[in-house]
Amino acid sequence: MVDVTLSGLSLTYPGATKPSLEDVSIHIEDGEFIVLVGPSGCGKSTTLRLLAGFELPTAGDIRFGDRDVTGVGAMDRDVSMVFQSYALYPHMTVAGNMEFALKNSGVPKAERTKRVRSAAELLELEDYLDRKPRELSGGQRQRVAMGRAIVRQPQVFLMDEPLSNLDAKLRTQTRTQIADLQQRLGVTTVYVTHDQTEAMTMGDRVVVMNAGRIEQVGTPRELYDEPDTLFVAGFIGSPTMNLVHVQPNDDGAAATNASLALTVNRFPGHEGEEVIGIRPEDLRLVHEGEPAPTVPSITMTVGFVEELGSDLFVYARSTDGTRKRPAVARLPKGHAPAVGDELTFAVEHERILHFDAATERRLR
């Protein structure tokens, strides 16, 4: 078990005009489950490859505990990696696949058998050790791939989108198993995904990446409640946060968005254009006959209704139809708005986040 430190990591491929990774610094505690998340091309898999030793950085260093492994090859880093594809040998049994690396490393037969059976018990694969991969489901194959990593007893686990090939129901089930397994093993784990739901439900902390840089590192709750940037605010959360550009009034005391009939207090001491962020669940429906709200309100026309059983979301266009990105609100069960209905929503001041439109940083 070991902590992992990345300091100022950058990587520019030969012939590239800009770096694929730039000034990435993270400290991962011993036994921590940390998730790298972001859109395609953001640098998360590149970071994982640097940790694995498949790539060497052009700047910065990587330390496992007190050991500098920046220039150490993959074979000597004591890491195990689970890939997006199962990458199992089709002619070998489950047991054969799991012990293959141990056999190549000269681990005695008795020790190999002990480790394989122990991993199979953890992964509920005891009844499948003599089967070939073609006889297994997708979820079982992924567990075999994880078992192959576990038997090596590495200092660090690396997982590169291991659930992306599974169907939605199996993904949900398997991510719970992975999180539970990591807690039991206590091995430092770095997990890469493009799915923010996976990131939020699995990680002790989450690293949000964009364009080769780190946008923010924090617990899932911190990222959801206190996003540092507009990118994090729009990326974390499903449905996404409502982000509205507002202009300051002439007197400088408030900011308005005419197309949404919205007026909010400006952030104290800030000048210039702001972007306000409001989560869909923080928009409270004002029922017909209620007095006009004294807090900021938004009036919208329903453009689409998404019924999910436990949740109901309305995607709306503004009353003048000028907004390109539809706003979204979460409604309590029992409501059944129709397309074309005009709805008014109120939101408390303290639930509104303010961002500087120029820097895209949250105002504090």
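This is a predicted model: local features need pLDDT of at least 70, side-chain atom pairs count only at pLDDT 80 or more; totals for chains, interfaces and linings use all residues.
Author: Local features here need pLDDT of at least 70, and side-chain atom pairs count only at pLDDT 80 or more, while totals for chains, interfaces and linings use all residues. Residues are numbered from 1 along each chain as its sequence is written, and side-chain values use heavy atoms, with hydrogens and water left out.

Reader: What makes β11 and β14 paired strands?

Author: Strands are DSSP runs of E with at least two residues, and helices are runs of H or I with at least four, numbered from the N terminus. Two strands pair if DSSP finds at least two bridges between them; β11 (residues 242-248) and β14 (residues 274-278) have five bridges in the antiparallel sense, so they meet that definition. V244 has I276 of β14 as its bridge partner.

Reader: Why are β13 and β20 at the edges of the sheet?

Author: In the open sheet the order is β13-β12-β11-β14-β20, and β13 (262-265) and β20 (353-356) each have a single partner strand, so one side of each lacks a neighbour in the sheet.

Reader: Why is helix α1 called largely enclosed?

Author: Buried means under 20% relative accessible area (1.4 Å probe, protein chains only), and seven of the nine residues of α1 (residues 44-52) are buried, so the rest of the structure largely encloses this helix. Among the buried residues are L48, L50 and L51.

Reader: How is the lining of the largest cavity divided by class?

Author: The lining has nine nonpolar, two polar and no charged residues, where Ala, Val, Leu, Ile, Met, Phe, Trp, Tyr, Cys and Pro count as nonpolar, Asp, Glu, Lys and Arg as charged, and the others as polar.

Terms used: Buried means under 20% relative accessible area, exposed over 50%, partly exposed in between (1.4 Å probe, protein chains only).
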